[in-house]
Amino acid sequence: MADEEGYLAVSGERITLQRRHHSASCREFLVRCPRLQLRSLSAVTCSVWLVAYGLFVLCQNSVVLSAAIFVTLIGLLVYLHFVKIDQESLLIVGSLGIQMTSSYASGKESTTFIEMNKVKDVVINEAIYMQKVIYYLCILLQDPVEPHVVSEVVPLFQSSKPRLDCLVEVYKSCQEILEQNKKS
Amino acid sequence: MACRRGGNHKHCLSTTSPSISNCHKLPSCSSRTHNICMVSDFFYPNMGGVESHIYQLSQCLIERGHKVIIITHAYEDRKGIRYLTNGLKVYYLPLRVMYNQSTATTLFHSMPLLRYIFVRERVTIVHAHSSFSAMAHDALFHAKTMQLRTVFTDHSLFGFADVSSVLTNKLLTVSLCDTNHIICVSYTSKENTVLRATLDPKIVSVIPNAVDPTDFTPDPSRRDNSTITIVVVSRLVYRKGIDLLSGIIPDLCQKYPNLHFIVGGEGPKRIVLEEVRERYQLHDRVRLLGALEHQDVRNVLVQGHIFLNTSLTEAFCMAIVEAASCGLQVVSTKVGGIPEVLPDNLIILCDPSVKSLCNGLEKAISHLKSGSLLSPEIIHSQVKTFYTWRNVAERTEKVYDRVAGEIVLPMGKRLDRLISHCGPVTGCIFALLSVISFLFLMFLRWLTPDYLIDAAIDATGPYGAWTQQYFRKKRETLNSNS
């Protein structure tokens, strides 16, 4: 069972939220960012090469041109492998825990898992980010020694940054599962 | 946008009015609620008069059904967004502090964040505090560019002669010439501000500060009646006239063997008092307490019989009201707005000189010895009615209502006003700056259009998460009672 809806990110990009209901206490949320656009890729490449060509005309040294080619290639690789995240997912299993996965454009995946007994709550918080004030979803981890103290805050969907309406959807589903868990 | 806002108002009134008619204790909602944004560099955890003024005023405005947020700069690790009592939301913005807790101003670097906050909180009135605060002036400037209504409260008096005053006065002229309304804390302060900023006195209102009378109650049992104790609570700086105090102490101590001084506060002039204490061997009679927390002030005040204030300049002296509220006889210098603060039977006014202050204190001591002083309870019950925050909030609300009906100067008129009002050179410079800020705003609107900014969830005001809870709770208790 899966349904998909379009939302906006804080930056104004279109993102999609996919919800999969595996069972009553197991849900998965996938936030998909737009893929790398050919337009922006060619714009960046063109500008780097034009600057390099300008420098070449000025100093008549062809090393500049070859350097520009390498810079674009390596830059693109690094960007795809370490920076650009295509998809972020949140898998919440009532009795087990919460797993966050982010998949990079190159196919690399990084996964973090948090056990349910460490999770205190899932909340929406506000933060000042760059020159903006945004809402974000985060997991509160409880201190193992004192259960009332929040030891750490783990932000979710860090790269896609969905807007509040999308966050509220995810938040409500998460709370349902956490409620069930508390009752049992 | 405007019509949507108007619709909101009608809607919100219809939702809140039944709850109000149910509970009698709640103050009635005014005909119109505002989204108010207080801006100042000075707010808690920093301590002082401006800080407590902003806090108390905000609390009372929330109680009256308005939405209030506060913007200030980050204090060490306290940055981001915090909620205080009753859902008062405070933004601690990460801006660099320059001097004396005031932020650096380039006039533009704070604009993206401030604009974002004004839009997401749907602010309608920007209320800036204190002329020392660069952030307050920045916010006023941006708010005017964004066509929001502006109110400014001035908390201090200034001179006209020295270089720094001339510069700040010029800045104030520029900042206030197109502000909708200005609030001063006393008539002296109003006169001063009108002259400094060459304003039309019609747009300047006087709303005094207030004290919380429940915090400052008399307790005569704490006094030692075998001696006479004079209390001084102030920052130990030149402006507070500590040099006068250092002249008074040895004179009076020689005359009255059972006279004691308690001095609360910290500052660069402490060394002067320590010298005096050393030279005249008064260690057992002059106690220097150092910096006091606000909640300790009352405990110090109630130990004394007479309160002495030696300020050289003061817009509105909170300290003497607090002291009178604790039932002390007040002796003070006759400067600034002090003469209008308390009625003549509660205060002895003197010229700011050692001789005159000594005469005033001797008069107070002779009153005390003859027993003709009013009892602390009587003084307290009198003072209690003078200055309350509810009254301040009510009067401030009237200013907001008036401002909400006014128009904000459009760009062209604003430029005219700046050039005609602030002199040819400064006027032109600031007209240019306001054009740049307008273009910058256009750029920001292009970069992140208003519709991409999430409207924040109200903590206070007619839709507020906190206030609705409060209303509901009140209703439940009333229902269970009846």
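The notes below begin with how to read the model, then turn to the cavity and the sheet.

This is a predicted model, in which local features need pLDDT of at least 70, side-chain atom pairs count only at pLDDT 80 or more, and totals for chains, interfaces and linings use all residues. Residues are numbered from 1 along each chain as its sequence is written, chains are lettered from A in the order in which they are written, and side-chain values use heavy atoms, without hydrogens and water.

**The second largest cavity**
- The whole structure holds 4 cavities of 30 Å³ or more (a cavity is a set of points on a 1 Å grid over the protein atoms alone where a 1.4 Å probe fits but cannot get out).
- The second largest cavity has a volume of about 60 Å³ (the space filled by probe spheres set on the points).
- Its lining (residues with an atom within 4 Å of a point) includes V133(A), I134(A) and Y135(A) as well as Y116(B) and R120(B).
- β8(A) gives the most to this lining, with 3 residues.
- The lining divides into 8 nonpolar, no polar and 3 charged residues (Asp, Glu, Lys and Arg count as charged).

**The sheet in chain B**
- An open sheet of 8 strands runs β3-β4-β2-β1-β7-β8-β9-β10 in chain B, with mixed pairing (two strands pair if DSSP finds at least two bridges between them).
- The edge strands are β3 (80–84) and β10 (204–206) of chain B, each pairing on one side only.
- β8 (149–154) and β9 (181–184) of chain B pair in the parallel sense over 4 bridges, and F152(B) has I182(B) in β9(B) as its bridge partner.

Notes: 1 Å grid on protein atoms, 1.4 Å probe; cavity = no way out; pocket = protein on both sides within 12 Å on 5 of 7 lines; lining within 4 Å. Helix = DSSP H or I, 4+ residues; strand = E, 2+ residues; numbered from the N terminus.
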